[in-house]
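Hi everyone, thanks for making time this morning. I'd like to walk you through one model, so please have a look at the screen before I start.

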Amino acid sequence: MFRRQAAGSRGHDGLEYVRLENLDSSSITTTGIHRAPDAEEQPIVGQYEPMRRPRIIVLKRIVFVLSLVLNFVSAWKWLFPGSLYDRILTYSPALPVIENERVVFSSAFGIERSPFQGEPSEANNELWTGLYDFGITRISAEEARPMDNKTLPLPDNKGGYVVQLSVFHQLHCLNMIRKGIYNGVDMSNVDELMGIEHIDHCIDMLRQSIMCHSDITPTTFARQSLKDSMKVVAEVVHTCRKFSNIQQWAWNRRIKSAIDKETVVTNDPLGWGTYTYSP
């Protein structure tokens, strides 16, 4: 996992960003969730000239116009709850914890290495599985009801419904590909995890995810000196969903015991217990 630098770094546009840095082992908790203390705000002195009064007036007018637009959108959603606006985003029970942040990616190349890289070992395998190993989640009927797709209820005395956030499935798939690259893929397809059929599934799942999310951050080019040829710069600012929020949400709702996959629930609140699916 990574940690953030102290806040205050700014791009050419004046907006703050954080930069991914490698965590040492002392920052990893026993729960498998990686935490880092919030960075303290560091004032930037002398970087910008004081804002002139006319610009303040213009900014106030812009804020006023934006508030009118937001009020109109809120009123529209209240008056027309089934409108196209509400269907732009696919509902997820984890939506309340979504928070965006500006992050500089690490190149993970050359001298800038990540603890997730390298030949599979006890240490980096633990880091990888710690990202997603708790990814089977229990949600309530109220959280499940708005979903576009039905899911099955859990047949235990706690109730609720079972889901897995796609990000954790995708991280699992990437980990299997990583292990396959170093340790070899079972081309005979006997091994359930490392068989070529599973690895092929994982590759195509990640293809679809990359296309779905379509990161449009511009990758830039630069040269280290005027005598050098241009090269790609990987360390650019991206807008990212804050992974630690999503990870914590799933950890708090993790299913701690084995799931009974055979019992059919017929009295669940949403009536989804007899739901069947055929592609």
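First, a word on naming: helices (H or I, at least four residues) and strands (E, at least two) are DSSP runs, numbered from the N terminus. What you see is a predicted model, where local features need pLDDT of at least 70, side-chain atom pairs count only at pLDDT 80 or more, and totals for chains, interfaces and linings use all residues. Residues are numbered from 1 along each chain as its sequence is written, and side-chain values use heavy atoms, with hydrogens and water left out.

Let's begin with the overall layout. The protein chain has six helices and eight strands, and along the sequence they follow the pattern β-β-α-β-α-β-α-β-α-α-β-β-β-α. I'll call a residue buried under 20% relative accessible area, exposed over 50%, and partly exposed in between, using a 1.4 Å probe and protein chains only. On that scale, 28% of the 279 residues in the protein chain are buried. Contact, for today, means heavy atoms within 4.5 Å. If we take contacts between residues at least 6 apart in sequence, 64% of them join residues at least 24 apart.

Now to the interior. In soluble globular proteins, nonpolar side chains tend to be buried together. A nonpolar core here is a set of buried Ala, Val, Leu, Ile, Met, Phe, Trp, Tyr and Cys residues joined through side-chain atoms within 4.5 Å. Which members of the largest core touch the most other members? They are Leu131, Ile139, Ala144, Tyr161 and Phe168, out of 30 residues in that core. The elements giving two or more residues to this core are α2 (122-132), α3 (141-144), β5 (161-164), α4 (166-183), α5 (196-213) and α6 (243-252). Take alanine 144: leaving aside neighbours within four places in sequence, alanine 144 is in contact with Ile139, Tyr161, Leu270 and Trp272.

Next, the aromatics. Rings of Phe, Tyr and Trp (its six-membered ring) pair if their centres lie within 6.5 Å; planes under 30 degrees apart count as stacked, over 60 as edge-to-face and the rest as tilted. That rule gives five aromatic pairs. One of them joins phenylalanine 116 and tryptophan 128, edge-to-face, at 5.7 Å centre to centre with 90 degrees between the planes. Phenylalanine 116 sits in the loop between β3 (100-104) and α2, and tryptophan 128 in helix α2, so this pair ties together parts that are twelve residues apart in sequence. Both phenylalanine 116 and tryptophan 128 are buried.

Phenylalanine 134 and tryptophan 251 also make an edge-to-face pair, with 5.5 Å between centres and 85 degrees between planes. Here the pair ties together parts that are 117 residues apart in sequence, because phenylalanine 134 lies in the loop between α2 and β4 (136-139) and tryptophan 251 in helix α6. Phenylalanine 134 and tryptophan 251 are both buried. Ring pairs link Phe134, Phe168, Phe243 and Trp251 into a cluster.

That brings us to α6, where Phe243, Ile246, Gln247, Trp249, Ala250 and Trp251 are buried. What covers them? The cover includes α2, β4, α3, α4 and β8 (237-241).

Helix α4 deserves a look too. Valine 167 is in helix α4 and counts as partly exposed at 27% relative accessibility. Beyond neighbours within four places in sequence, valine 167 is in contact with Phe243 and Ile246. Arginine 178 is also in helix α4. Is arginine 178 buried or exposed? Arginine 178 is buried, with a relative accessible area of 8%. Again leaving aside neighbours within four places, arginine 178 is in contact with Phe116, Gly118, Pro120, Asn124, Asn125 and Trp128.

Finally, some backbone details. Most residues other than glycine have a negative phi, and most peptide bonds are trans. Alanine 108, in the loop between β3 and α2, has a positive phi of about 50 degrees. Alanine 108 counts as partly exposed, at 23% relative accessibility. Serine 214, found in the loop between α5 and β6 (220-222), has a positive phi of about 35 degrees although it is not a glycine. Serine 214 is partly exposed as well, at 40% relative accessibility.

That's my tour, and I'm happy to take questions.
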